[in-house]
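The entries follow the order in which I looked things up.

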Amino acid sequence: MASTKVLFIGGTGIISSAASALAVERGFEVTLLNRGTSRRAPADGVEVLTADIEDAASVDAVLRGREFDVVADMIAFTPDQVQRDIDRFEGRTGQYVFISSASAYQKPVSRLPITESTPLRNPYWQYSRDKIACEELLNTAYRDRGFPVTILRPSHTYDKWTIPAVGGWTVIDRIRRGKEIVVHGDGTSLWTLTHADDLAVGFVGLLGNPLVLGDVFGITSDFVYTWNDIYTILGRAAGAEPRIRHIPTAEIEAADPSRAGSLSGDKAHSVVFDTTKIRRVVPEFNPVIPLHRSAIECIAWHDAHPELQRVDAELDALFDRLLAQRA
């Protein structure tokens, strides 16, 4: 029996690194198409094609008319980019996987848990509205012509390369220096965190499955934390107790309106997800990596790689400014 051929456009990000590695382990024939500029090495056993997806001529040259059983675009964010994929791969793949976002679900959230049938509406964040528009375009292509799309909606996904907090390493740096960190609201809203290795099980379990065409799947863990818990766990993994100062979301956004999308459009709301649907289709999907365990790995990896210890000077200054206003 021939191996399932999978093309990842991107392939070296948080989700795609874990998914491509697991796909190889499961016996898929995996090809990555990217610019070859990522710090992450691709998984052993994958084929790498080098081209900029925005350069149609270079992409056509490296693909050379090849067909794939599955195409998963990890870096499509706008309807124009999705239409580009439809034009290129329609009739050349048995499944097109689009990575949408759980941030597309209605904000403010009217009821929990969030399911795949929760309405899509986010007036606060253009990123989320673009993802919604991409989904609408793909659903139309499926209904009108049978374009074989499967849509995934992950939420906050992380691995050892990333610090799952607002501000990333900037927060760890402040905690270790004994400086206060700003946490939006009162820190008690609920937030779901999913380790990429857990998500990959659900992702790969959907690849090549003809029963999931035209369908959408939320794909998250059941590990739910308050923001106070998240910062406390990360701080302790970094060897220090965090000094948390709670500041209303509206006050943060007034000081820096660019933060409104990721706060009012996402992280300021409690998000708890019902994962029944993905578990029914992929029975082995059962997230097992909690933050209190993975945080130790995240901090150790960053300590071993100083180039990842990037402090966001603008965010650092914003924290100081907000704290000074309340001194």
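**Cavities and cores**

I began with the largest cavity, where H12 gives the most to the lining, with four residues; helices (H or I, at least four residues) and strands (E, at least two) are DSSP runs numbered from the N terminus. The model is predicted, with local features needing pLDDT of at least 70 and side-chain atom pairs pLDDT 80 or more, while totals for chains, interfaces and linings use all residues. Residues are numbered from 1 along each chain as its sequence is written, and side-chain values use heavy atoms, without hydrogens and water.

I noted about 100 Å³ of space in the largest cavity. A cavity is a set of points on a 1 Å grid over the protein atoms alone where a 1.4 Å probe fits but cannot get out, and lining residues have an atom within 4 Å of a point. Volume is the space filled by probe spheres set on the points, which are joined across faces, edges and corners. Among the lining residues I listed Leu315, Leu318, Phe319 and Leu322. E8 and H9 also supply at least two lining residues each.

I then turned to the largest nonpolar core, which has 36 residues. Such a core joins buried (under 20% relative accessible area, 1.4 Å probe, protein chains only) Ala, Val, Leu, Ile, Met, Phe, Trp, Tyr and Cys residues through side-chain atoms within 4.5 Å. H12 gives the most here too, with five residues. A second, separate core of 32 residues includes Phe8, Val70, Met74 and Ile219.

Finally, I returned to Ile219, which is one of the residues lining the second largest cavity, of about 50 Å³.

Technical notes:
Buried means under 20% relative accessible area, exposed over 50%, partly exposed in between (1.4 Å probe, protein chains only). On a 1 Å grid over the protein atoms alone, a cavity is a set of points where a 1.4 Å probe fits but cannot get out, and a pocket is an open set with protein on both sides within 12 Å along at least five of seven lines; lining residues have an atom within 4 Å of a point.
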